[in-house]
Amino acid sequence: MFFDFSSAFNTIQPRLLGDKLQLAGVDHHLTSWILDYLTHRPQFVRVQGFESDRLLCSTGAPQGTVLAPFLFTLYTADFSYNTPSCHLQKFSDDSAVVGLITDGDDREYRGLIQGLCGLVPAEQPPDQRW
């Protein structure tokens, strides 16, 4: 099953990303630069010479940048699932659940998909993280 998370880059919360970067051992100065890049960005709309009020945005990553998919991948890096019969394959804001269904037993596969869709909490193998 394939998933494409709509407006995924808009969901990045810089404070949480900063914590994850620190835990991953990213240099403090680089982490600070990234957080500065993501916070207090002025946004406005211009139509036929008229401009809206400026708003400061401190959530998400600017669309159309090379850095946005990379930061989202880092942001969701701890969201993983991998067993011999089922795994979550991620690429930026696109994901796929791949499962091997043997003898009609699709419980693990369906559980992972339902967990991703927020229908029910997916049961995790003991060594897996969400």
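**Figure 1. Confidence along the predicted chain.** In this predicted model, strand β1 (residues 2–4) has the lowest mean pLDDT among the chain's elements, 82. Strand β4 (residues 50–51) has the highest, 95. pLDDT is the predictor's confidence in each residue, from 0 to 100. The chain mean is 85, and 91% of residues reach 70 or more. Helices (H or I, at least four residues) and strands (E, at least two) are DSSP runs, numbered from the N terminus. Residues are numbered from 1 along each chain as its sequence is written, and side-chain values use heavy atoms, without hydrogens and water. Local features need pLDDT of at least 70 and side-chain atom pairs 80 or more, while totals for chains, interfaces and linings use all residues.

**Figure 2. Helix α1 against helix α3.** The axes of α1 (residues 14–23) and α3 (residues 67–75) come within 9 Å and cross at roughly 70 degrees. That makes α1 roughly perpendicular to α3 (65 to 115 degrees). Axes are lines fitted to C-alpha atoms, for helices over the stretch in contact; angles run from 0 to 180 degrees between N-to-C directions. Leu-16, Leu-17, Lys-20 and Leu-21 of α1 meet Leu-71, Leu-74 and Tyr-75 of α3 (contact: heavy atoms within 4.5 Å).

**Figure 3. The open sheet.** Three strands follow the order β1-β7-β6, with antiparallel pairing (at least two DSSP bridges between two strands). β1 and β6 (86–91) are the edge strands, each pairing on one side only. The twist averages 15 degrees from one strand to the next.

**Figure 4. Strands β6 and β7.** Six bridges join β6 to antiparallel β7 (residues 94–99). His-87 has Val-98 in β7 as its bridge partner.

Note on methods. Parallel < 35°, antiparallel > 145°, perpendicular 65-115°, else oblique.
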